[in-house]
Amino acid sequence: MAKKMASQGTPATAALAAAGVPFVLHPYAHDPSATSYGLEASEVLGIEPERVFKTLMVEVEGRLAVAIVPVSGNLDLKSVAAALGAKKAAMADPKAAERRTGYVLGGISPLGQRQASPTVLDESAVDLATLLVSGGRRGLDIELAPADLIRLTKAITAPIGTSSSIKG
(Lines give C-alpha, C1' and ligand atoms only; values in the text may rest on other atoms or scores of the structure.)
Protein backbone atom coordinates (compact mmCIF):
# COMPACT_ATOMS: atom_id res chain seq x y z
CA MET A 1 0.00 0.00 0.00
CA ALA A 2 1.14 3.53 -0.73
CA LYS A 3 2.23 6.05 1.81
CA LYS A 4 0.70 9.50 2.02
CA MET A 5 1.20 12.09 -0.67
CA ALA A 6 2.15 15.52 0.63
CA SER A 7 -0.71 17.23 -1.24
CA GLN A 8 -3.22 14.94 0.46
CA GLY A 9 -1.85 15.45 3.98
CA THR A 10 -4.34 15.59 6.85
CA PRO A 11 -4.01 14.82 10.56
CA ALA A 12 -5.36 11.35 9.71
CA THR A 13 -2.68 10.62 7.11
CA ALA A 14 -0.02 12.08 9.40
CA ALA A 15 -1.15 9.75 12.22
CA LEU A 16 -0.95 6.73 9.91
CA ALA A 17 2.46 7.71 8.56
CA ALA A 18 3.81 8.33 12.08
CA ALA A 19 2.58 4.89 13.18
CA GLY A 20 4.12 3.23 10.11
CA VAL A 21 0.74 1.84 9.07
CA PRO A 22 0.27 0.94 5.40
CA PHE A 23 -2.67 2.70 3.74
CA VAL A 24 -4.01 3.75 0.36
CA LEU A 25 -5.48 7.17 -0.33
CA HIS A 26 -8.64 7.36 -2.41
CA PRO A 27 -9.20 11.01 -3.38
CA TYR A 28 -12.30 11.86 -5.39
CA ALA A 29 -14.16 14.93 -6.61
CA HIS A 30 -16.66 15.74 -3.87
CA ASP A 31 -20.02 17.04 -5.10
CA PRO A 32 -21.12 19.87 -2.76
CA SER A 33 -24.77 18.90 -3.32
CA ALA A 34 -24.19 15.35 -2.02
CA THR A 35 -26.13 14.67 1.17
CA SER A 36 -24.61 11.30 2.06
CA TYR A 37 -20.84 11.67 2.04
CA GLY A 38 -20.17 7.97 2.61
CA LEU A 39 -22.50 6.78 -0.13
CA GLU A 40 -21.02 9.39 -2.45
CA ALA A 41 -17.54 7.98 -1.77
CA SER A 42 -18.75 4.42 -2.37
CA GLU A 43 -20.39 5.33 -5.68
CA VAL A 44 -17.63 7.58 -7.04
CA LEU A 45 -14.85 5.19 -6.05
CA GLY A 46 -16.76 2.09 -7.20
CA ILE A 47 -16.28 0.34 -3.85
CA GLU A 48 -19.00 -1.73 -2.17
CA PRO A 49 -20.82 0.30 0.51
CA GLU A 50 -20.23 -2.51 3.02
CA ARG A 51 -16.48 -1.67 2.85
CA VAL A 52 -16.89 2.12 3.14
CA PHE A 53 -17.46 3.23 6.73
CA LYS A 54 -18.83 6.49 8.08
CA THR A 55 -17.53 8.10 11.25
CA LEU A 56 -20.29 9.43 13.48
CA MET A 57 -19.90 11.36 16.70
CA VAL A 58 -22.35 10.46 19.45
CA GLU A 59 -23.00 11.76 22.94
CA VAL A 60 -23.14 9.13 25.66
CA GLU A 61 -23.86 10.26 29.21
CA GLY A 62 -22.47 13.73 28.56
CA ARG A 63 -19.30 12.63 26.78
CA LEU A 64 -18.50 12.34 23.11
CA ALA A 65 -17.67 9.03 21.48
CA VAL A 66 -16.97 7.79 17.96
CA ALA A 67 -19.12 5.23 16.17
CA ILE A 68 -17.90 3.74 12.87
CA VAL A 69 -20.44 1.88 10.72
CA PRO A 70 -20.77 0.85 7.07
CA VAL A 71 -22.42 3.43 4.81
CA SER A 72 -24.70 0.60 3.63
CA GLY A 73 -26.65 0.88 6.88
CA ASN A 74 -27.32 3.07 9.88
CA LEU A 75 -26.08 3.45 13.43
CA ASP A 76 -28.11 1.76 16.16
CA LEU A 77 -27.86 4.27 19.01
CA LYS A 78 -29.00 1.78 21.67
CA SER A 79 -26.33 -0.68 20.58
CA VAL A 80 -23.53 1.89 20.68
CA ALA A 81 -24.69 3.01 24.13
CA ALA A 82 -24.66 -0.60 25.35
CA ALA A 83 -21.19 -1.16 23.87
CA LEU A 84 -19.97 1.81 25.91
CA GLY A 85 -21.74 0.66 29.09
CA ALA A 86 -24.49 3.28 28.96
CA LYS A 87 -28.27 3.23 28.69
CA LYS A 88 -28.68 5.66 25.80
CA ALA A 89 -26.81 7.62 23.18
CA ALA A 90 -27.73 10.50 20.89
CA MET A 91 -26.10 12.02 17.86
CA ALA A 92 -23.60 14.68 18.96
CA ASP A 93 -24.13 18.34 18.25
CA PRO A 94 -22.41 18.96 14.88
CA LYS A 95 -20.43 21.96 16.17
CA ALA A 96 -19.27 19.98 19.22
CA ALA A 97 -18.21 17.13 16.92
CA GLU A 98 -16.19 19.52 14.74
CA ARG A 99 -14.54 21.17 17.77
CA ARG A 100 -13.66 17.82 19.35
CA THR A 101 -12.25 16.23 16.20
CA GLY A 102 -10.77 19.20 14.33
CA TYR A 103 -12.58 18.04 11.19
CA VAL A 104 -15.64 19.33 9.30
CA LEU A 105 -18.82 17.27 8.96
CA GLY A 106 -18.53 14.92 6.04
CA GLY A 107 -14.78 14.79 6.59
CA ILE A 108 -14.56 13.53 10.16
CA SER A 109 -11.97 10.78 10.30
CA PRO A 110 -11.66 8.38 13.23
CA LEU A 111 -7.88 8.90 12.87
CA GLY A 112 -5.87 11.95 13.94
CA GLN A 113 -8.68 13.60 15.87
CA ARG A 114 -7.78 16.70 17.87
CA GLN A 115 -8.97 14.99 21.05
CA ALA A 116 -9.35 11.21 21.22
CA SER A 117 -12.74 9.78 22.15
CA PRO A 118 -13.92 6.28 23.05
CA THR A 119 -14.43 4.49 19.74
CA VAL A 120 -16.72 1.65 18.68
CA LEU A 121 -16.31 -0.04 15.29
CA ASP A 122 -19.12 -2.15 13.86
CA GLU A 123 -18.15 -5.80 14.15
CA SER A 124 -18.75 -6.36 10.42
CA ALA A 125 -15.38 -4.67 9.83
CA VAL A 126 -13.31 -7.46 11.35
CA ASP A 127 -14.12 -9.86 8.50
CA LEU A 128 -12.85 -7.44 5.83
CA ALA A 129 -9.31 -7.46 4.42
CA THR A 130 -9.47 -3.65 4.20
CA LEU A 131 -12.03 -0.93 4.78
CA LEU A 132 -12.30 2.75 3.92
CA VAL A 133 -12.85 5.64 6.33
CA SER A 134 -12.75 9.39 5.84
CA GLY A 135 -9.28 10.74 5.31
CA GLY A 136 -9.99 13.95 7.18
CA ARG A 137 -11.69 16.03 4.51
CA ARG A 138 -14.56 15.71 2.10
CA GLY A 139 -13.40 13.94 -1.03
CA LEU A 140 -10.66 11.84 0.59
CA ASP A 141 -10.99 8.30 1.91
CA ILE A 142 -8.27 6.11 3.42
CA GLU A 143 -8.11 2.36 2.90
CA LEU A 144 -6.47 0.34 5.65
CA ALA A 145 -6.71 -2.95 7.51
CA PRO A 146 -9.40 -3.11 10.22
CA ALA A 147 -6.83 -4.31 12.77
CA ASP A 148 -4.76 -1.15 12.20
CA LEU A 149 -7.84 1.08 12.61
CA ILE A 150 -8.74 -0.75 15.83
CA ARG A 151 -5.22 -0.45 17.21
CA LEU A 152 -4.75 3.24 16.37
CA THR A 153 -8.15 4.35 17.67
CA LYS A 154 -8.20 1.89 20.61
CA ALA A 155 -11.63 0.88 19.30
CA ILE A 156 -13.82 -1.85 20.64
CA THR A 157 -15.93 -3.82 18.19
CA ALA A 158 -19.63 -4.45 18.65
CA PRO A 159 -22.77 -4.92 16.52
CA ILE A 160 -23.70 -1.23 16.27
CA GLY A 161 -24.81 -1.02 12.63
CA THR A 162 -28.19 -1.82 11.16
CA SER A 163 -28.74 -3.01 7.62
CA SER A 164 -30.69 -0.91 5.19
CA SER A 165 -32.23 -1.61 1.85
CA ILE A 166 -29.46 0.25 0.00
CA LYS A 167 -28.24 -1.73 -2.95
CA GLY A 168 -24.68 -0.98 -3.98
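The structure is a predicted model, in which local features need pLDDT of at least 70 and side-chain atom pairs count only at pLDDT 80 or more, while totals for chains, interfaces and linings use all residues. Residues are numbered from 1 along each chain as its sequence is written, and side-chain values use heavy atoms, leaving out hydrogens and water.

The protein contains five helices and ten strands (DSSP runs numbered from the N terminus: helices are H or I with at least four residues, strands are E with at least two). The radius of gyration of the protein is 15 Å, which agrees with the value near 15 Å for a compact globule of 168 residues (taken over C-alpha atoms; the rule is 2.2 Å times the number of residues to the power 0.38). Along the principal axes, the C-alpha atoms fill a box of roughly 40 × 35 × 30 Å. Of the 168 residues, 48% are buried (under 20% relative accessible area, with a 1.4 Å probe and protein chains only).

Strand 2 runs antiparallel to strand 3 (residues 63-70), joined by eight bridges; strands count as paired if DSSP finds at least two bridges between them. Leu-56 stands opposite Ala-67 of strand 3. The two strands form a hairpin with two residues between them, and Glu-61 in the turn has a positive phi of about 50°. Strand 2 also pairs with strand 5 (residues 89-91), again in the antiparallel sense, over three bridges. Here Glu-59 has Ala-90 in strand 5 as its bridge partner.

Technical notes
Buried means under 20% relative accessible area, exposed over 50%, partly exposed in between (1.4 Å probe, protein chains only).
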